[in-house]
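Please look over the sequence and the model before reading this report.

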Amino acid sequence: MVGSALDSALDSALDWGDLLAAPLDEVLAEARRLRPGPLVTYSPKVFIPLTKLCRDVCGYCTFARPPRRGERAFLTEHEVLEIARAGAEARCREALFTLGDRPELRYKVAREELARLGCETTIEYLARCADLVLQETGLLPHLNPGVMNRAELELLRPVSASMGIMLETTAERLGGRGGPHWASPDKTPARRLETIGLAGELRIAFTSGILIGIGETREERVDALLALRALGEEYGHIQEVIVQNFRAKPGTRMAAHSEPSLEEHLWTVAVARIVLGAEWHIQAPPNLAYDDFPRLLDAGIDDWGGVSPVTVDHVNPEAPWPEMARLAEATHSRGLELAPRLPIYPEYVAGLERWCDPTVAPFVRRAADATGHARDDAWAPGELGAIPFLVQRDALPLGLAGDELGEDELTRLLGARGGEAHRVFVAADRLRREVCGDEVTYVVTRNIQYTNVCYFRCGFCAFSKGKLAENLRGAPYLVPLEEIVRRSQEAWERGATEVCLQGGIHPAFTGDYYADVVRAIKEAVPGIHVHAFSALEIWQGAATLGLSLEEYLARLHDLGLGSLPGTAAEVLDDEVRRVICPDKVTTEQWLQVHDTAHRAGLRSNVTLMFGHADSPRSWARHLIRASEQQRRTGGFTEFVPLPFVPMEAPMYVKGLARRGPTFREALLVHAVGRLALHPWITNVQASWVKLGPAGTREALRAGVNDLGGTLMNESISRSAGALFGQEMPPERMEELIRSAGRVPRQRTTLYGEPPEERVRASFGAPLLAEPLNPPIKDAGLVAPPRLVRPGIVGARAR
């Protein structure tokens, strides 16, 4: 009932009587209905009060104060860094710079100190300090220096993730003599609106808001909200609106002024939600509501603002922030989930090229998770260190799987947090138990990467060597055919049933090279299974010989190729592939290679390399395409999530990728993969190289039933910076599996039982001989004048 009345008022934008007169309960209910989803965010921040001098003398402010004898006008750079480093140590993401407006225009001491610092203005010194914090600590500066002109905004944009200025009010009468904004030229509404508009023109992610209870009317509050809405709709840059309540402070002109009631604050918050709509982020500071702060959720907020574990709220030092446990408890009490964010909101992280300066964007990416929020742990694939949490095995499982899960639902589950994430893990684990039992399989295999020279330019790859990658790990090499055979024979002697071959694609390679490799291995070790060549190698091999995929795969199959690895899939979403591997096979080409292989009698697996420039929606699309392909041909043996190892990856080093998935995201991809691919793909594999033993143990509790290969040699993840070794021999593999309460079983590539003599040979195997990787120059290979290129780049060239 109230919804239709309020909608009518909003549509007309002429008569706000219905809204202003509506009962509080109805207004709150409508605001809650409009809240955008169950997530409530906060920004882990550190508060840096660069200067407390200000040319304005607002009647309610205790932050600004005149100069004091013996005190500096500004924090030193050392003091700024000291505060920022304490924040970084406490895993804050935001460095909030708050300061008075243009103190140099009022105080000689400010002008003199700025001159000693080599600056003419406070804004200039702010830019220097923000850049220092960004570069030295990685904290993302959010700047609140007050009214700014275009040149000042342009100066600050390259050193900040976001900026803000509170509009406070559009009521000019509050600047009259005796009013709260008397003698405060920077509080003129027109000047503040001009700053907000200029920020929009310059594509700066911006925060604003209103201050209530300083003498304005309800109608004037709505007018201020409408002014913000108009600017936000024009430029799209206002990422949040704060509704802050006035608190009277001793020693100010307004010390005896009455404060707005909690009900008045709730009404205004709810009206902000209704006026601005479901697409806007609405914030109310929890510390200024004291013990009543949970009730702010009843008014439709979806953000608590900045909360610091390190510094006080220097603007309201009498009001400490609630502890994180209380904030989480209050949020959960309303059936909502708490999540950390960055000072720049997820919608703006998704459009980072538009909203963030190229200097700052790499720092944002490294701090962000896959949804654009703040990373909720310090874990990264391939790094040593403790895992951030254990799966809550007593969580109530969700009841979804297979056909019930479309793209939107999969996207939601892949971004699950808190209790819902654990419900996903437990649901996947229950389904795993029903389908696979408690056995955990693994295969004794040897990885052979025959060259690290490659003419493709995948941004995530630290393994391949080309003219632009000679500074990365290891010299360019090509393993001779006889060395490939020797390693295969050595693997067989150590109990292997499989060799897995992949490598870079040397410009001189043709399809005959891959055929020669298969032939040589099978002639020397006829009993070993050759699991070899990604879709890119197959595509390139066929193209160089002028053969169709059917013809070329049939030839390899006849020579003894047993199956294909699912690598080169990366993410089966061309929006992502355009960023990470534009000259590699497209999604359609990858699926075509595997479809053709399956129809030729070859099996393969499907991988997903995630945690870089992708998102839960692209993971969902990948899972759907894998499921659709499996329904057509049934040739995939397993799903293999591969968390992106960032440390040495070129696109991470250049600031173009995130820091791999969070641990929560890594487990979710395994778990949701189990649910989404059921019943079509029944095996889900974890990469112990990337997750490490502790992470692998938790993956076994989130839907995983296979740990892949013992490897013997592994170069690709190690080149990217992974530290978990080259081999997991059967003894350690089975120890790890048993430590998770599961039953180990060796398997073949196609999930059969290996001969008993193979199993016996795999335990207590002798040490490997030192592998031979001769320099590529010794091979004498000559590249053709024109290289074949599939992928998005190749399509454009054709």
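The notes below take up a helix, a sheet and the cysteines of this predicted model.

## Helix 17

Helix 17 covers residues 481-493, and its length can be checked against its geometry: at 1.5 Å a residue, its 13 residues should span 18 Å, and because its end C-alpha atoms are 19 Å apart, the two values agree. After the helix comes Gly495, which has a positive phi near 95°.

An open sheet is formed by 3 strands in the order 17-10-18, with parallel pairing. Strand 17 (706-709) and strand 18 (743-746) are the edge strands, each pairing on one side only, and the twist from one strand to the next averages 20°.

Strand 10 (residues 439-443) pairs with strand 18 in the parallel sense over 4 bridges, and within this part of the sheet Glu439 has Val743 of strand 18 as its bridge partner.

## Cysteines

The structure holds 0 disulfides. For Cys58, the closest cysteine sulfur is that of Cys61, and because the two sulfurs are 6.2 Å apart, they are too far from each other for a bond. Cys356 is likewise in no disulfide, the nearest cysteine sulfur, in Cys92, being 19 Å away.

Cys58 counts as buried because its relative accessibility is 13%, and Cys356, at 4% relative accessibility, counts as buried too.

Methods
Residues are numbered from 1 along each chain as its sequence is written. This is a predicted model: local features need pLDDT of at least 70, side-chain atom pairs count only at pLDDT 80 or more; totals for chains, interfaces and linings use all residues. Side-chain values use heavy atoms; hydrogens and water are left out. Helices (H or I, at least four residues) and strands (E, at least two) are DSSP runs, numbered from the N terminus. The expected span of a helix is 1.5 Å times one less than its number of residues. Two strands pair if DSSP finds at least two bridges between them. Axes are lines fitted to C-alpha atoms, for helices over the stretch in contact, and angles run from 0 to 180 degrees between N-to-C directions. A disulfide is a pair of cysteine sulfur atoms within 2.5 Å. Buried means under 20% relative accessible area, exposed over 50%, partly exposed in between (1.4 Å probe, protein chains only).
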